[in-house]
Amino acid sequence: MATFPPTPVAITSVNPTVALQLTDPATGSVRNVELVPDGALVGEMNQLVDDGLAVALRAALAAVSPDLPRPALNLASFVLFLVECHAGAYMEAANRGLGMIAAGTMPKAGQLHVALALNYADMSAEAYHFLAEANRPKGDYQLACCASRIGDYEVALGHLIRAIEIDPAAVV
């Protein structure tokens, strides 16, 4: 169980990396984590969640000082968005993601996750419109999923057929 208030966050580097100290709720041991915006970021975040540090990570990221340089704040907000998605806090993730998109801080690769969060937060119509406006060349599979959830099966089937035509291996 996490301790509240959250353990103070120690930021040792920024721009755009973020270093955190997380307390393992099971053992009480402190783990130093450096979040770096690279190809390993999502894997590292998933490993922290799998190691039982999701609550500590969410608390630490939510407590990041607003005085940090903008790149570090953006990174912390993005990782918090991913953790919320991973933890099933879809409404929080959807709201955070939409806010990041409005502010221009959501990485393009993260926009699909916003649509997924909307879809899983029972906002499938909003997810569908979001994806349709994103004009993703390979976005038909996700559009099919959203259209199906809102009961528009004919539209869903059309998107699914296009997705299979574009990239059959990815759809299967």
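Of the 172 residues in the chain, 38% count as buried. Please keep in mind that this is a predicted model. The secondary structure comes to nine helices and two strands, and reading along the sequence gives the pattern β-β-α-α-α-α-α-α-α-α-α.

**The chain as a whole**

- Along its principal axes, the C-alpha trace spans about 55 × 30 × 25 Å.
- Among the contacts with a separation of 6 or more, 45% are between residues 24 or more positions apart.

**Helix 2 against helix 3**

- Let us begin with helix 2 (residues 54-62), which packs against helix 3 at an angle of about 150 degrees, the two axes being 9 Å apart.
- Because angles over 145 degrees count as roughly antiparallel, helix 2 is roughly antiparallel to helix 3.
- The crossing in which helix 2 passes helix 3 is left-handed.
- On the helix 2 side, the contact is made by A54, L57, R58, L61 and A62; on the helix 3 side, by A76, V79, L80, V83, E84 and A87.
- Sorted by class, the residues of this contact between helix 2 and helix 3 are nine nonpolar, no polar and two charged.

**Helix 3 against helix 4**

- Helix 3 also has helix 4 as a partner: their axes come within 8 Å and cross at roughly 150 degrees.
- Helix 3 and helix 4 are therefore roughly antiparallel to each other.
- Here, too, you will find a left-handed crossing, with helix 3 passing helix 4.
- From helix 3, the residues N74, S77, F78, L80, F81, E84 and C85 take part, and they meet Y90, E92, A93, R96, G97 and M100 of helix 4.
- The residues in the contact of helix 3 with helix 4 divide into seven nonpolar, three polar and three charged.

**Helix 5 and its surroundings**

- Helix 5 (residues 111-120) packs with helix 7 (residues 140-149) at an angle of about 15 degrees, and their axes are 11 Å apart.
- Since an angle under 35 degrees counts as roughly parallel, helix 5 and helix 7 are roughly parallel to each other.
- Helix 5 passes helix 7 in a left-handed crossing.
- Where helix 5 and helix 7 meet, L112, N119 and Y120 come from helix 5, while Q142, C145, C146 and R149 come from helix 7.
- This contact of helix 5 with helix 7 has four nonpolar, two polar and one charged residues.
- The buried residues in helix 5 are L112, V114, A115, A117, L118 and N119.
- What do the buried residues of helix 5 pack against? Their partners are helix 3 (70-87), helix 4 (90-103), helix 6 (124-134) and helix 7.
- After helix 5 comes D122, which has a positive phi, near 60 degrees.

**A closer look at N119**

- N119 has its place in helix 5.
- Is N119 buried or exposed? Its relative accessible area is 4%, so N119 is buried, the cut-off being under 20%.
- The N119 side chain makes a polar contact, at 2.6 Å, with the side chain of S124.
- Not counting residues up to four places away in sequence, N119 touches S124, A127, C145, C146 and R149.

**A closer look at H159**

- You will find H159 in helix 8 (residues 153-166).
- With a relative accessible area of 8%, H159 is buried.
- Which residues is H159 in contact with, leaving aside its neighbours within four places in sequence? They are Y128, D140, L143 and A144.

**A closer look at I150**

- The loop between helix 7 and helix 8 is where I150 lies.
- I150 counts as partly exposed because its relative accessibility is 42%, and partly exposed means between the 20% limit for buried and the 50% limit for exposed.
- Not counting residues up to four places away in sequence, I150 touches S124 and A125.

How values were computed:
Residues are numbered from 1 along each chain as its sequence is written. This is a predicted model: local features need pLDDT of at least 70, side-chain atom pairs count only at pLDDT 80 or more; totals for chains, interfaces and linings use all residues. Side-chain values use heavy atoms; hydrogens and water are left out. Axes are lines fitted to C-alpha atoms, for helices over the stretch in contact, and angles run from 0 to 180 degrees between N-to-C directions. Helices (H or I, at least four residues) and strands (E, at least two) are DSSP runs, numbered from the N terminus. Angles under 35 degrees count as roughly parallel, over 145 as roughly antiparallel, 65 to 115 as roughly perpendicular and the rest as oblique. A crossing is left-handed if the near helix is turned anticlockwise from the far one by less than a right angle, and right-handed if clockwise. Contact means heavy atoms within 4.5 Å. Ala, Val, Leu, Ile, Met, Phe, Trp, Tyr, Cys and Pro count as nonpolar, Asp, Glu, Lys and Arg as charged, and the others, Gly among them, as polar. Buried means under 20% relative accessible area, exposed over 50%, partly exposed in between (1.4 Å probe, protein chains only). A polar contact is a pair of N or O atoms within 3.5 Å; within protein, one must be able to donate a hydrogen and the other to accept it, and residues adjacent in sequence count only if both atoms are side-chain atoms.
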